[in-house]
Amino acid sequence: MRLEIGNFQVENIEFGMKSSYENGTLTVNKEEALSVVMKDEHITEADIILTKPGDDVRIVPVKEAIEPRFRLNDGPTFPGITGKLNSVGNGKTVALKNCSVLAVGKRWGSFGDGLIDMSGEGAKYSIFSQFINICLVADTDEEFERHEIQKKNHAIRWAAHRLAEYLGSIVKDITPDTTEIFELEPITKRDEKVNSLPSVVYVMQAQSQIEESGFNDLVYGWDTNSILPTFMHPNEIFDGAVIGGSYMCCSSKWSTFDFQNCPTIKSLYNEHGKTINFLGVIMSNLNVSLEQKERAAMFVQQIASSLGADAAIITEEGYGNTDADFIRVITLLEEAGIKTVGMTNECTGRDGLSQPLAALDVAADAIISCGNVSTLIELPPMGTVIGDLDALMRDGLSGGWADDEKLGPSVRADGSIIMENNAMFCGDSTLGQSIKTVIEF
Amino acid sequence: MKKGILYLNQFFGQIGGEDKADYEPSIHEGQVGAGLLLNSLLEDTEITHTVICGDNFMGSNEAVAVDTILGFLEGKEFDIFFAGPAFQAGRYGNACGVICKAVKEKFGVPVITSMHPENPGVDMFKKDVYILRGGPSAANMKKDMTQMAELGNKFLKGEKIKGAETEGYYPRGIRLEIFLEDETPASKRAINMLLKKINNEPFVSELPIPELETVPIAPAIELANAKIALITSGGIVPVGNPDKIQSSSATRWGRYSIAGMKRLGNEAEGAFKTIHAGYDPSAANADPNITLPLDALRAYEEEGKIKSIHDYYYATVGTGTAEGEAARMALEIIEYLKADDVDAVILTST
C-alpha cells in the first residue's frame, strides 16, 4: 500500500463568501458548511465557532476531534461513516494541517467528553490547544440519552466527520504545500536487508468496553466490541478507517484526529528499513468479560507469532478494567519471545499513592507512562466559553463533579475550575504525542 | 531570614562517643558541631537551635525522647527541620527517622535527613520523610550535608522539586505526572526503549512494576452459621443517591438498610438504581439484584445455607476510583462489619 497525504499548512481560518484556500488562509462559507452539518435531521441547531492558540477561550464539552481530510481517488474519507464502505490507505488524500474540527455539545455533555483551554496554564494539558479549532457547536433531538451520563453522541460526531470531509474538499484541486508518502511493501515481498532487521508489530487496543453498539471506536464502521483482533496496514489507520468513540474517561481517549496522525506509527515508519522491519498493526480491543479478554489476547499472540514478530509496541485506550487486557497481551507476547514495550497512562490517585495500573505483571518490564489520570488541575476563568462550562460539573464528565466536601464543585461562580486530568480532552495521548511521564516524588 | 532546627546524636553533637549513647535529649541555642556546616550552606536561613539526643536513649525510650523533644520545639518558630546525616549508622538512622516523622506530623514543616542505602532507617521511614541518599561514613559529611541543604533551600524558597531521582532522595511511593523538560514525545521514547530492549541494552521502564501486596485467602467458614454482608463497587444506591456518591473517581460510599427486604426494588419502583458511569446501567436499573444479589442471598438464608444477612449493604463506584481511596473506604466500612459480627462479605463489581 502506498498513501500520499498532500498537506496544506493552515495558518488562518476565516468565514467568507466562497470556500477557498490560498496562501495558508482557509476561507469557509459558513452557510454551505452548516448545510453539510444539517444533512442529519437529528441536528436541531448548529453553529461553527473558530478559535486559535492563544485565545482566552475554554471549550467544553468536547466529544471528538477530526483533522479535515478529503480522499481524492474514491470517497468517502471516512468509510462507513460519511458514506459507503471502501478501502482506504492506498492512493491520495489531502489534509488541512495545524487545525482540527471539534465536536462540541451546545449544552449537554457526557462521561467521555473533555475540556480544552486555548491559552494559559490549562493549554499544556491537551495537544488540541495548539491547533486552530473549528468548533462545531450543536444540539440534537436525541432525547433518549439527553439526561444519560453515557451518550452515544451519534448525530454530532457524525456531523463533525462530514464537516471535516467538507473542509478537506476545499483543497481537493489545489497542489499541496508538502506531500508525505507512506509506503509499506507486503511482508513477503521485502528485500533481504529489511527482512534481516528485527520485525516489529504495533498492537492497538481500541476502546470497546460498551456492549451496546454506538459507543465504541469503529473500524470501517464496525463496532470494535464485535471484532476479533485483526491485522491492518498502518496506512488504513492514517487514512480514516478508524474513528474515535464516545466512551472512556477523556484523557485516555483516542480521537479520530489521533488515529489519523498516530505518532507511534510514524516513528515505526521512520525506523523501517533502518533499525527495524515494521510488519504492521494488530488492531485489538478491550472488551469487559474475562473470556473475551483472554480470547483477544490469544489472537494477538497468535497473529504476532505467525507474522514472525520479534518485538512489539502495544498501547491501550483506557485504564482500570482495560489494564487487564494490556498486561495480559504483554505477558502472552513476552511468553512467545516477542520483546514488548507498552504505552499507557496511570491512575495513581490525586496524592500519587495508588497502584498505577489495575493489573500488573513482572513481564511488563518496559513501559512508557503518559500521565496520571487523577492529577488534580485548578485553572482560572477564561474570557469566553465555547459550549457550556456547567457540563463539566453537571453531566457526569469523568474528572468533573457536582460537589465535593473539600474541593467544592468543579465549576465555580467566577468561571474558574477544578478537575481531574481525566476530563482533559485526549490529554494523555497514549498514541504517542504525550510529553508527560510519571515519576516518583 | 528563615529559621531551621537540626537534630544530631551524641557523637555529632559533641557530647561524646558510645559511652554517652544514653544521653537524654537536650536543646542548645545556635549551632553545634555539624550544625555550623549546615548553617553555612543554607541560603537566608539560620539554624537557631540544635537538638541532641543519645542514640541508645532514643532507641530504648522512644516515646519519652520524642515527647521531650517535641516539648522543646513547642512555641519555637522554625520553617524546616533537619536530622543527621546518619550515614550507615543504624541506631542514628532510626532516631533521625523517628524524630523527623514526629516533627512533620506535629508541626507540618518540611523534614529532611540523609542515610546510606544500607541503613535500615531508609526502609522504615522513606515513605514519611525525605531521606537523601547519603554516604556510608562521616567522611561523607560535607557532601551529605550539602545535599540536605540544597533540598532544604528549595523547600524554603518554595521551589518545585523535581522528583526523587533528580533530587537524590529515596522514592516515597508517590507517583505523579510531570511534563518532560526536553519534551520528548512518548512515541520517540517508546521506539528508543524498544530498540534497546531488542538489542539487549539496558533501559529504564517509566513504570517499574511495584511489589504487589497479595492478600492471603481467608480460612473457610461454616456457611450455615455465618452472617453475610453485601458490598458493591457497582454503584447501587437508593434512587436519589442520598450520599451523592460520585459516578466516577468516587471518594464517598453509602450504607443502606436492607433489613426485612426480600429483594431490591428497581428504579421504576423508586427504590434502587446504579449511578456508576462505567457500564451500561439499563440492566441494573431494571433489576438492581443482578449487581447486588440480595434476592439470591435471601433464598440461601431461607434454605438455611447461610445463617443471616447483615442488615445493611455498602456501595461505592469503582470506575476511575484510585486504589488508595478504595482502601480507605474499605477500612471505614470494616468498622461497621466488625461491630455487627459479620463473618463474611460478598463483594460484587459490575
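Predicted model: local features only at pLDDT ≥ 70, side-chain atom pairs only at ≥ 80, totals over all residues.
Which strand gives the most to the lining of the largest cavity?

**Stop 1: strand S9 of chain A**

Select residues 99-105 of chain A, which make up strand S9. Seven of its seven residues are buried, so S9(A) is largely enclosed by the rest of the structure. Turn the view to look at each face of the strand. On one side are A:Cys99, A:Val101, A:Ala103 and A:Gly105, on the other A:Ser100, A:Leu102 and A:Val104, and all are buried.

Strand S6 of chain A, residues 57-66, pairs with S9(A) in the antiparallel sense over four bridges. To find one point of contact, select A:Glu64, whose bridge partner in S9(A) is A:Ala103. Strand S11 of chain A, residues 132-140, pairs with S9(A) in the parallel sense, over seven bridges. Here A:Val101 has A:Ile134 in S11(A) as its bridge partner.

**Stop 2: the largest cavity**

Keep S11(A) selected. With three residues, S11(A) gives the most to the lining of the largest cavity, which answers the opening question. The cavity holds about 120 Å³ of space. Of its 14 lining residues, select A:Trp108, A:Asp139, A:Thr140, A:Arg146 and A:Asn153, which lie nearest the centre. By class, the lining has three nonpolar, three polar and eight charged residues.

**Stop 3**

The whole structure has two cavities of 30 Å³ or more.

Next, select A:Gly349, in the loop between strand S20 (339-346) and strand S21 (367-372) of chain A. Is A:Gly349 buried or exposed? A:Gly349 has a relative accessible area of 3% and is buried.

**Stop 4**

Select A:Ile439, A:Phe441, B:Lys162, B:Gly163 and B:Ile178, the closest to the centre of the second largest pocket among the 42 residues that line it. The pocket holds about 1400 Å³ of space. Strands S22 (376-379) and S25 (436-440) of chain A each supply at least two lining residues. On the chain B side, helices H5 (121-125) and H7 (164-167) and strands S6 (130-133) and S7 (175-179) each do likewise. The largest share, five residues, comes from S7(B). The lining has 19 nonpolar, seven polar and 16 charged residues.

**Stop 4: a three-stranded sheet in chain A**

Go to the open sheet of chain A with the order S2-S4-S3, where the pairing is mixed. Strands S2 (12-15) and S3 (20-22) stand at the edges with a single partner strand each, so one side of each has no neighbour in the sheet. Neighbouring strands are turned by 20 degrees against each other on average, direction ignored. S2(A) and S4(A), the latter at residues 25-28, run parallel and are joined by four bridges. Select A:Asn12 to see it opposite A:Thr25 in S4(A).

**Stop 5: the domains of chain B**

Finally, colour domain 1 (2-167) and domain 2 (223-348) of chain B separately. Their centres, taken over C-alpha atoms, are 48 Å apart.

Conventions
Residues numbered from 1 in each chain as written. Chains lettered and ligands numbered in written order. Heavy atoms only, no water. 1 Å grid on protein atoms, 1.4 Å probe; cavity = no way out; pocket = protein on both sides within 12 Å on 5 of 7 lines; lining within 4 Å. Points joined across faces, edges and corners; volume = space filled by probe spheres on them. Nonpolar A, V, L, I, M, F, W, Y, C, P; charged D, E, K, R; others polar. Pairing = 2+ DSSP bridges. Axes fitted to C-alpha atoms, helices over the stretch in contact; angles between N-to-C directions. Buried < 20%, exposed > 50% of the residue type's maximum accessible area, 1.4 Å probe, protein only. Domains from an automatic or database assignment.
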